[in-house]
Amino acid sequence: MEILWNQINLQRPPYRSWDVSVTEFDSKRFIDSIDKILSDFKTFQVLHAEAALLSRLIYRMKSKFRSDKGLKHMEKVNRALLNYLNMAMEREYELLKEYIEINNGIISLPPRQTLEYVLVRTQGFAKLMCRVESTASIAGNFLKSRLCIGQSWTVAMIAYAVISRIWILSRHVIKKSCNWYNSIFDHMKNFKTVGISWLPDNYILPENLAEWLDLPWFNEDMEKLPIKENWDKSIFSLMKANDADEEDLNIANDTIPKNLTAISEDVNCQNDMDSVQMDMDLGQPISRLAFEETNQEEKRKKPVKVKKKKRNPKKFEKLLQVESEADLVTLLKIDSFPGLDKLQLNILQKQIKKLLLKLTEKNTRNLDEEMLKKIRKGIKKWTSS
């Protein structure tokens, strides 16, 4: 049986709420911890944008780099990120918050089994992001080696940048998921089991998710990621080269003396006028009679007739030597004949078949002179088409 945290479609435990007074349970602290987790999910929009870039980049690289190991690991990262989106962990914590209801000093809480389910899903979520981090690291090494070689380095540079950002963002998500797990695990002791236990007897939830993951880089210092609210505008904010150009022009204009600027303006105006005069195409006057003469000359010209090549009649003497019905039958059996292409031979044999059918209907096998003349005339006609 597959381990619990690695199941794609993990079945939810049956929900049955239980009540407790406000004095016995600190609901504010529990709700604040969930709100903090939900606010962390809003910072993952950067990862979603990078995942979209990665999928489009893989589509761009599939034809040329289909046997590249770096692309193969990029596809593995893409599949892992699709599984991350399908998990919908944000919805799990939103439902956990919706289960909490306060009415007249009594708090309605979800059972302990629901928290265990969320913790197991968080376990699988952290393991999945570990898979993204390790695979992205391998893909980055392959892309870096391609950059060192210099082969198709422009596409490799873009892919290396995207996979590097996904790699650092996945580490950020892993650390966040460990914080979520530890905060929910601390509250689990205050919850009550209602009904049948959901976890198997041999399954034990770890107290610290970071120790369970056992990542060597987990305690390393990581720089703070720049998080913005409107990420759609962040890319376009980089493209402000016009502002810098205008500032440079203003500084340059201030440093130039006034008399020099006036002289340069006059020179520029004169140069513009000269260039306009040089560029203008005045053309040549053409009379209307010239058009009429050209039209009359075109009418006088007669279309040239293409002469057809005449066939050599000596090549078809054997076809005209038809004396009996047996000669017609032999013509039906031949596959080729010099001077005739396949189409002409098929037309000839088709007409001979019709002729033989007429002879069988008349019950005559002997061909008279008039019939032979018609047949030879027909052969000439069939072979000339």
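Which hand does the crossing of α4 and α5 have? In this predicted model, the crossing of α4 and α5 is left-handed. Helix α4 covers residues 89-98, and helix α5 covers residues 112-149. Their axes come within 11 Å. The crossing angle is roughly 160°. Angles over 145 degrees count as roughly antiparallel, so α4 is roughly antiparallel to α5.

Residues from both helices make this contact. Helix α4 contributes Met89, Glu92, Tyr93 and Leu96. From α5 come Thr114, Leu115, Tyr117, Val118, Arg121, Thr122 and Phe125. By class, the residues of the contact of α4 with α5 comprise seven nonpolar, two polar and two charged.

Glu116 also lies in helix α5. Its relative accessibility is 10%. Buried means under 20%, and Glu116 therefore counts as buried. Which residues is Glu116 in contact with, leaving aside its neighbours within four places in sequence? They are Met188, Trp198, Leu199 and Leu205.

The model also contains a sheet. Three strands form this open sheet, in the order β1-β3-β2. Their pairing is antiparallel. The edge strands are β1, residues 18-21, and β2, residues 101-103. Each of these edge strands pairs on one side only. From one strand to the next, the twist averages 30°.

Strand β3 spans residues 106-109. How many bridges join β1 to β3? There are four, and the two strands run antiparallel. Within this pairing, Ser21 has Ile106 of β3 as its bridge partner.

The side chains of β1 were then examined by face. In a regular strand, side chains alternate between the two faces of the sheet. Along β1 the side chains do alternate. Trp18 and Val20 point to one face, where both are buried.

Key. Residues are numbered from 1 along each chain as its sequence is written. This is a predicted model: local features need pLDDT of at least 70, side-chain atom pairs count only at pLDDT 80 or more; totals for chains, interfaces and linings use all residues. Side-chain values use heavy atoms; hydrogens and water are left out. Two strands pair if DSSP finds at least two bridges between them. Axes are lines fitted to C-alpha atoms, for helices over the stretch in contact, and angles run from 0 to 180 degrees between N-to-C directions. Angles under 35 degrees count as roughly parallel, over 145 as roughly antiparallel, 65 to 115 as roughly perpendicular and the rest as oblique. A crossing is left-handed if the near helix is turned anticlockwise from the far one by less than a right angle, and right-handed if clockwise. Contact means heavy atoms within 4.5 Å. Ala, Val, Leu, Ile, Met, Phe, Trp, Tyr, Cys and Pro count as nonpolar, Asp, Glu, Lys and Arg as charged, and the others, Gly among them, as polar. Buried means under 20% relative accessible area, exposed over 50%, partly exposed in between (1.4 Å probe, protein chains only).
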